[in-house]
Amino acid sequence: MTNRIISLDIARAVALILIITVHTLALLHVSTPEYGMLYFAYASVIDCGVVLFTMISGALLLSEEPQPLGVFFRKRFSRILIPFVIWAMVMYILSILTGKYEEITSWSEALLQAVPYMLENKINVSHWFVHMIIALYLITPVLQRAIHYGNGGKSLALYSAILCYAAVILKAVYPELYVLHYVSSLCGYLGAYIAGYYIVHYVPARINRWCGLALFLSLYTVDVCTHCALSGLRFFTTIGIFMFVYSFTDVSADSLIGRFSFRVSRYSYMIYLMHVPVIGALYVVLEKWMCTPLTELSWLWALPVLATIVVLSVSVGICYVVEKIPHFPVQYLGIAPLR
């Protein structure tokens, strides 16, 4: 685990846990405002997961020295695209076998629709993050060169992050503003991408922990109390989470937290790509075991968290077993190489 930033491994583990919880809640069909505080208390924090992943990616990739375009794209897209295609096809076949697509009536038609469905994100909607991160990767070489070869990398990063976050605020406060017609939803994630780099390099470590915690707690409270009505607030809540978690730079790589975070971090992409059917299988088993609809359980409020713990444990176990298969190319399933 040499040359790793353990606090970013911890942040990635936290992000993965939040994303799994998004789907343990959604697959219970309680992720709507009709469920009141149960929904608001969860949504105000778990929706930060993807933004947190984006900040981690920006902190790591924008810190790298610019590479030749061919090297950069071959390295990044092979790690992202090949596992994405493999898991998308696995889920596509499972979906066809379970009758998810009524419009597909034969395997030849399924074959013809495979690529369009993947490009249009019709196979597993939770994979939308892959499409978003690909868009960020396309502009990363430009950002790397601007930051590393320009005369004002710090000011450029700060200006870019502020500009993108300003677009998020404007979209929430004045959505009719016509200039916003030319600003895509990618802008907020671009702001998070750059903000991750800025915080790691330019925010003093001594203010990260307590300022981050105060920022998260205050914005989380506002979000819950306003019933999640403030659009875009979670982009800013995530800054607090990132600052707080990143402050734990003193965690030893050999500690329990360090070893756990390192393993989850390496497995995170494969777990992200495969976790939804694991949740579905868990709920089927639970419902048969309980002999009652899960939404009628008295401890429903705790079920998403408990399900997340089980799904994460099972998924880590699957990844661990797969990694132990001799000569198996685990990188093609989304397990990051040891470094």
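I began with Arg-234 and found the residue buried, with a relative accessible area of 15%; buried means under 20%, exposed over 50% and partly exposed in between (1.4 Å probe, protein chains only). The model is predicted, so I noted that local features need pLDDT of at least 70 and side-chain atom pairs pLDDT 80 or more, while totals for chains, interfaces and linings use all residues. Residues are numbered from 1 along each chain as its sequence is written, and side-chain values use heavy atoms, without hydrogens and water.

I then looked up the partner of Arg-234. Arg-234 forms a salt bridge (a side-chain nitrogen of Lys or Arg within 4 Å of a carboxyl oxygen of Asp or Glu) with Asp-223, the closest N and O atoms lying 2.8 Å apart. This pair links distant parts of the chain, with Arg-234 in helix H10 (residues 233-246) and Asp-223 in helix H9 (residues 205-225), eleven residues apart. Helices are DSSP runs (H or I, at least four residues), numbered from the N terminus. I recorded Asp-223 as buried, at 0% relative accessibility. Asp-47 joins Asp-223 and Arg-234 in a network of salt bridges.

I counted seven salt bridges in the structure. Among them is the contact of Arg-12 with Asp-9, at 3.7 Å from N to O. Both residues are buried and lie in helix H1 (residues 6-26), three residues apart, about one turn of the helix.

I also checked Lys-122, which pairs with Glu-120 in a salt bridge at 3.0 Å between the closest N and O atoms. Lys-122 is partly exposed at 41%, and Glu-120 is partly exposed at 46%.

Conventions
Helices (H or I, at least four residues) and strands (E, at least two) are DSSP runs, numbered from the N terminus.
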